[in-house]
Amino acid sequence: MQEEKKRKISSLSILAIAGVKTYKEKPNEKYMNSNQLNHFRKILKAWRNQLQHEVDRTLTNMQDEPSNFPDPIDRASQEEEFSLELRTRDRELKLIKKIDRTLKKVEDDDFGYCESCGIEIGIRRLEARPTADLCIDCKTIAEIREKQTAI
């Protein structure tokens, strides 16, 4: 229950970042029509801009922070904070690249379909994770295989 709530909050925050509401499909609406593509384009661009802003802010903060503390404990603490911040930003830079690849799929009208089996990924799954490139069934199988090879 707690995990489901976290996922819901996470997907809602992605939509909130973009300033959009959950997409309401119309009866007999074609999958990944121009309205849906625009919806996801807006989400992806807003998410990318927010992440890029965080990366830029981190770089500015690290350049502005004094780095010559006389106390070695203070210096070590600051270095640990910088290290953690840099790891976080590195993950975000990788996510920005994934968002860019996804935006390219949107522009090429190749967005919203499973790369493994070709079926529709689904609006709700894409709103929860706009960079998803596998349907839920293929993703589940991939995770099972990953667990089996990790043993």
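The model is predicted, so local features are kept at pLDDT of at least 70 and side-chain atom pairs at pLDDT 80 or more, while totals for chains, interfaces and linings use all residues. Residues are numbered from 1 along each chain as its sequence is written, and side-chain values rest on heavy atoms, with hydrogens and water left out.

Take the charges to begin with. A search of the whole structure turns up 11 salt bridges (a side-chain nitrogen of Lys or Arg within 4 Å of a carboxyl oxygen of Asp or Glu). In one of them, Glu 54 meets Arg 57 at 2.6 Å, N to O. Both residues sit in helix H2 (residues 34-64), 3 residues apart, or about one turn of the helix; helices here are DSSP runs of H or I with at least four residues, numbered from the N terminus. Glu 54 is buried at 18% relative accessibility, whereas Arg 57, at 33%, is partly exposed. For these words, buried means under 20% relative accessible area, exposed over 50%, and partly exposed in between, using a 1.4 Å probe and protein chains only.

Salt bridges with shared partners link Glu 54, Arg 57, Glu 85, Arg 89 and Glu 92 into one network. Another salt bridge joins Lys 104 to Asp 108 at 2.8 Å, N to O; Asp 108 is partly exposed, with a relative accessible area of 45%.

Now for the rings. The whole structure has 2 aromatic pairs, meaning rings of Phe, Tyr or Trp (its six-membered ring) with centres within 6.5 Å; planes under 30 degrees apart count as stacked, over 60 as edge-to-face and the rest as tilted. Tyr 31 and Tyr 113 make an edge-to-face pair, 5.3 Å centre to centre with 85° between the planes. Tyr 31 lies in the loop between helix H1 (2-18) and H2, and Tyr 113 in the loop between H3 and helix H4 (123-128), so this pair ties together parts 82 residues apart in sequence. Tyr 31 is buried at 9%, while Tyr 113 is partly exposed at 30%.

Phe 40 and Phe 111 form a tilted pair, 5.2 Å centre to centre and 55° between the planes. Because Phe 40 belongs to helix H2 and Phe 111 to the loop between H3 and H4, the parts tied together are 71 residues apart in sequence. Phe 40 is buried, with a relative accessible area of 0%, and Phe 111 is buried at 2%.

Notes: Helix = DSSP H or I, 4+ residues; strand = E, 2+ residues; numbered from the N terminus.
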